Amino acid sequence: MKTLILSLFLLLLVCLPVQAAVELARDGQPPEKIDEVYLRDGVSFVAIEDVLPPLGLSGSWDAVEHVYRISSPRGTATISPGSRFLKIGERFIPLKEKPRFIDSRLRVSEEFVTRHMPDLVGERIYYRNLDPRATADRRDGNALDRLFSFLLRKKKATDGPALRGVAIDPGHGGQDPGAIGISGIKEKDVTLAVARRLQRQINMQLGIPIYLSRDDDYGLTTEERFQAATRQEIDALLLLHAQAAPDYKPQGIYLYVRRSENLPGESMQADDKDSLRLAENLAAALRDAGLVVRGVSEAPLYPLGQGDLPTVLVEMGYLTNPGDRLLLNEEEGQKKIASALYNGLKSFGEGRRIKENGGSVRYQ
């Protein structure tokens, strides 16, 4: 019995989604975790400023010469965005991937860290990618498989990311605090915090445009709130909110779609299902993360707007419920919600691509 329980526990660990991150250290030293890992074309990139401290090195950006200099026991090493060479003294060492600016920081590839940093440090280093599947998923298969995949993509009009862009509307802001819960927690604060985390994860994992209706604590007109969603590349709109109740008992996450989009069991045109599909993908991902989801409902609510853009209003919980309040107000809880919403968006995009390419997608 103990063996069976242990096996099931290990299987669960393998199946759980892992946040993209790496561990790095000098040989024999305790590793440090780097959470900012960006995936571009199947390659993991980390900021050079995050790489150097765990290895006992330092560096600085030269804005005049547009290069980054690394001070090391082997001398000064130089890299620059867009260059395929690492310069150490008078030597030029070719790089497989060019350093590049992503989100205003100079980042280097995983190969740069594992292959070239040991030479600069002068000893072995410890490096571990905590989510290697993200890279492996893009690199698996032989040359013939990749060629066949390329030909298939060339034949399809939907070539490109499964999602081209996402708009996120953190509810309320400025003089409008929204719902107020235990200890004075404000809806406007938690919606913005989760929106920022979701924006960051989408940017790191998918590298597509993400637009927030507001990026700080200020109010918006109705036109300003929906302006980001009018961009041509936007394929989904999420409106983030939280609730309050007269007592502490109500709890859980509710998802709403426009009233014009019917629920399962009712007649519905194929083109009217996208918001419902998005909501169901989000609900499934939230449940997979262990969160309490009360269901998907229609809502004749003004904030949902009009049109056919896949749109879901997410009421992330009750600020008057102790459990929900802890989830929404603490960093780990906000990360958990943002990660689940990201997984739901990604699943929706992948299912949409299959559907548009002539396949069938079954939604539970």
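Is Arg-277 buried or exposed, judged by its relative accessibility? At 11% relative accessibility, Arg-277 counts as buried. Buried means under 20% relative accessible area, exposed over 50%, and partly exposed in between (1.4 Å probe, protein chains only).

The model shown is predicted: local features need pLDDT of at least 70, side-chain atom pairs count only at pLDDT 80 or more, and totals for chains, interfaces and linings use all residues. Residues are numbered from 1 along each chain as its sequence is written, and side-chain values use heavy atoms, with hydrogens and water left out.

**View 1**
Helix α8 covers residues 274–288. Helices (H or I, at least four residues) and strands (E, at least two) are DSSP runs, numbered from the N terminus. The expected span of a helix is 1.5 Å times one less than its number of residues. For the 15 residues of α8 that gives 21 Å, and the end C-alpha atoms are 21 Å apart, which agrees. Of these 15 residues, 12 are buried, so α8 is largely enclosed by the rest of the structure. Among the buried ones are Leu-276, Leu-278, Ala-279 and Leu-282. Just after α8, Gly-290 takes a positive phi of about 85°.

The side chains of Arg-277 and Asp-274 meet in a salt bridge, 3.4 Å from N to O. A salt bridge is a side-chain nitrogen of Lys or Arg within 4 Å of a carboxyl oxygen of Asp or Glu. Both residues lie in α8, three residues apart, about one turn of the helix. An α-helix has 3.6 residues a turn, so residues three or four places apart point the same way. Asp-274 is buried too, with a relative accessible area of 14%.

**View 1. Glu-36 and Arg-105.**
A search of the whole structure finds 18 salt bridges. In one of them Glu-36 pairs with Arg-105, the closest N and O atoms being 3.1 Å apart. Glu-36 lies in the loop between β2 (32–34) and β3 (37–40), and Arg-105 in strand β11 (residues 105–109), so the pair ties together parts that are 69 residues apart in sequence. Glu-36 counts as buried, at 15% relative accessibility.

**View 2. Arg-164 and Asp-235.**
These two residues form a salt bridge, with the closest N and O atoms 2.8 Å apart. The pair links distant parts of the chain, 71 residues apart. Arg-164 is in the loop between α5 (143–155) and β13 (166–170). Asp-235 is in the loop between α7 (222–227) and β15 (236–243). Arg-164 counts as partly exposed, at 40% relative accessibility. Asp-235 is buried, at 6%.

**View 3. The six-stranded sheet.**
Six strands form an open sheet in the order β14-β13-β15-β18-β16-β17, with mixed pairing. β14 (210–212) and β17 (293–299) stand at the edges, each with a single partner strand, so one side of each is left without a neighbour in the sheet. Two strands pair if DSSP finds at least two bridges between them. β15 and strand β18 (residues 311–318) pair in the parallel sense over six bridges. In β18, Val-314 is the bridge partner of Leu-240.

**View 4. Helices across the sheet.**
Helix α6 (residues 187–205) lies across β13, β14, β15 and β18, running at about 145° to β15. Helix α9 (residues 322–329) lies across β15 and β18, at about 115° to β18. Axes are lines fitted to C-alpha atoms, for helices over the stretch in contact (heavy atoms within 4.5 Å). Angles run from 0 to 180 degrees between N-to-C directions.
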